[in-house]
Amino acid sequence: MFSVPEPLSTASKASLDAQLNLLRAAGSQSLEQSARLLDLQLSTFRQGLDEQSRRTREVMHAADPQAFWQAVSQQPDTGIWLNYSKQLTAIASASQSELTKIANQQAQDTLEKSLALFDVLSKNLPQGSEPWVAVMRSGSHQAAAQLENFQKLTRDLAESFEANLNQAGAQVEKAVKAASAMKKS
């Protein structure tokens with residue numbers, strides 16, 4: 001007979017603690033990014049109101065019809081929206097990156113704890129179970145290798161996502177600047 005309740009109980013508690021820590025970290029990250037997003041939206045809204053207020057004052061204080069039509073036909077400041085787009089991209093990228101780090105760390109911790117539990121349990125197994133232990137160790141090492149491959153793939157996807165967001169932001173900025181230049185001429 002062998003004794004495993006103590007290691008299993010400890011492992012279950014550690015697993016539950018790890019899951020709670022993951023939820024706390026992900027929740028904290030989500031709240032932080034939501035606060036950044038809300039701050040960005042309020043700031044952009046305030047800038048838009050200031051811009052609209054300035055344009056309204058120009059229209060109201062126009063001295064002649066030509067100044068009036070010039071003030072009315074002004075294009076809105078695209079810099080506000082370009083800045084919003086860039087910051088929104090940065091927030092999305094940072095959020096995705098942090099959540100990926102949290103998930104990868106959780107997966108790594110879970111694997112390490114599982115391997116440690118397996119080692120403890122394998123020491124308490126009866127004689128003759130060595131082939132089973134060897135198979136389980138091999139499977140554990142394969143799982144570790146797969147986790148490493150998954151983490152590399154996740155990093156590559158995150159980098160690709162960020163590069164695509166930056167490229168899309170640059171293209172939008174270029175298009176808006178070109179459209180502004182065309183309207184001015």
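Me: What makes the place where Arg57 sits a helix?
Reply: Arg57 is found in helix 1; a helix here is a DSSP run of H or I with at least four residues, numbered from the N terminus. This is a predicted model, where local features need pLDDT of at least 70, side-chain atom pairs count only at pLDDT 80 or more, and totals for chains, interfaces and linings use all residues. Residues are numbered from 1 along each chain as its sequence is written, and side-chain values use heavy atoms, leaving out hydrogens and water.

Me: Why is Arg57 called partly exposed?
Reply: Its relative accessible area is 45%.

Me: Why is Trp69 called exposed?
Reply: Trp69 has 56% relative accessibility, so it counts as exposed. Phe68, at 33%, counts as partly exposed.

Me: How do you know that Phe68 and Trp69 form an aromatic pair?
Reply: Rings of Phe, Tyr and Trp (its six-membered ring) pair if their centres lie within 6.5 Å; planes under 30 degrees apart are stacked, over 60 edge-to-face, the rest tilted. Phe68 and Trp69 are 5.4 Å centre to centre with 75° between the planes, so they pair edge-to-face.

Me: What makes Trp81 and Tyr84 edge-to-face?
Reply: Their planes are at 75° and their centres 6.2 Å apart, so that pair is edge-to-face. Trp81 and Tyr84 are 3 residues apart in helix 3 (residues 78–123), so about one helical turn separates them.

Notes. Helices (H or I, at least four residues) and strands (E, at least two) are DSSP runs, numbered from the N terminus. Buried means under 20% relative accessible area, exposed over 50%, partly exposed in between (1.4 Å probe, protein chains only).
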